[in-house]
Amino acid sequence: MPWKPLDGDKFPTLGFHVADQMTEFLVTPNAGDGEPTPFMPTREQLEFLVRLYQLDPITGARVKHRGVLKRPRGWGKSPFVGGVMISEALFEVVPDGWDADGQPVAKPWSAVRTPLVLVTATTEEQTTNTWHPLLEMLRGGSAADYFDCDPMDSFVALSSGGRIEPRTSAARSVISKGCAYRRRIPRPDRGMGARQWRRPVRPDASQQRHEAGRHHNRDA
Ligand SMILES: Nc1ncnc2c1ncn2[C@@H]1O[C@H](COP(=O)(O)OP(=O)(O)O)[C@@H](O)[C@H]1O
Ligand SMILES: [Mg+2]
């Protein structure tokens, strides 16, 4: 059974399914003292998911293996990307063929390998920007109970044996090892070039060089 487009879909995607799981299991961070509200991706956030989780209509495999999200301050990058990292750790994000209606089916990473999701950044403060909303989204909703995971202050222990954790200075030694998903957060004063995505630099060292006024990063 191959893919069957619905309503003029241009390509198959797991993006809608990922968004549905975010809404089902996560809450909106920074929502104040009132009742927790489910995290519902905005239209632009949904569009990003639809493209990020695009599938090949013949093989059903993921088409994109990395993504860059560049949006103004206050758009909701930090909580949204926190939601993507939780999705990669817990939700059904790995393609698993088509159902009887020709729609994509997915399974969690834990069905394939032990997930290790790293939140990486050049400074601890930058990791915190994503880490705090991530914990809030997880703790306020049903995800922790449903998936039997333990969102601790310094890392999230997954029942699969995997983890979600923030990493700063140790990034170079471990970043590529067994990592299911990583977010590299750019420094606010400098854009993030494609070279940096391919070859992660050691954040502390590059920060020091930058502060010393050297504009060329030899490691990158
Ligand atoms: N889908 C969403 N629904 C409701 N609120 C959201 C959503 N996405 C983000 N937000 C809220 O938007 C606000 C802005 O987030 P912020 O971290 O400042 O964005 P950025 O990282 O882009 O600067 C946060 O209070 C966050 O809770
Ligand atoms: Mg932010």
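Modeller: D7 sits in the segment before α1. Helices (H or I, at least four residues) and strands (E, at least two) are DSSP runs, numbered from the N terminus. The model is predicted, so local features need pLDDT of at least 70 and side-chain atom pairs count only at pLDDT 80 or more, while totals for chains, interfaces and linings use all residues. Residues are numbered from 1 along each chain as its sequence is written, and chains are lettered from A and ligands numbered from 1 in the order in which they are written.

Back to D7. Its phi is near 45 degrees, a positive value in a residue other than glycine. D7 is exposed, with 4 other C-beta atoms within 10 Å. The cut-offs, with C-beta atoms placed from the backbone, are these: buried means 20 or more other C-beta atoms within 10 Å of the residue's own, exposed means 12 or fewer, and partly exposed lies in between.

Next, α1 itself. G15, V18, A19, Q21, M22 and F25 are the buried residues of α1. They lie on the same side of α1, because they cover an arc of only 160 degrees around the axis. The arc is that of the directions from the helix axis to the C-beta atoms. An α-helix has 3.6 residues a turn, so residues three or four places apart point the same way. The buried residues of α1 pack against α2, α3, β1 and α5 (143–146). Contact here means C-beta atoms, placed from the backbone, within 7 Å.

N30 has a positive phi near 55 degrees and is not glycine. With 10 C-beta neighbours inside 10 Å, N30 counts as exposed.

Now α2. Q45, F48, L49 and L52 are its buried residues. They line one face of the helix, because they fall within an arc of 100 degrees seen down the axis of α2. R43 and E47 are exposed on the other side of α2. The buried residues of α2 pack against α1 and α3. G67 counts as partly exposed, with 14 C-beta neighbours inside 10 Å. The C-alpha atoms of G67 and R51 are separated by 9.4 Å, although the two residues are 16 apart along the chain.

The largest nonpolar core has 37 residues, and V18, L26, M85 and I86 have the most contacts inside it. Two or more core residues come from each of α1 (15–25), α2 (43–52), α3 (77–90), β1 (92–98), β3 (116–121) and α4 (124–140). The largest share, 7 residues, is from α3. Such a core is a set of buried Ala, Val, Leu, Ile, Met, Phe, Trp, Tyr and Cys residues joined through C-beta atoms within 7 Å. In soluble globular proteins, nonpolar side chains tend to be buried together.

β3 is largely enclosed by the rest of the structure, because 6 of its 6 residues are buried. L116, L118 and T120 point one way from β3, and V117, V119 and A121 point the other way. β3 pairs with β6 (residues 163–167) in the parallel sense over 5 bridges. Pairing requires at least two DSSP bridges between the strands. V117 has I164 as its bridge partner in β6.

β1 pairs with β2 (residues 104–108) in the antiparallel sense over 4 bridges. W98 has P104 as its bridge partner in β2. The hairpin has 5 residues between these strands, and G102 takes a positive phi near 75 degrees.

Last, the whole chain. It has 8 helices and 7 strands. Buried residues make up 34% of its 220 residues. Among contacts between residues at least 6 apart in sequence, 66% join residues at least 24 apart.

Terms used. Two residues are in contact if their C-beta atoms, placed from the backbone, lie within 7 Å.
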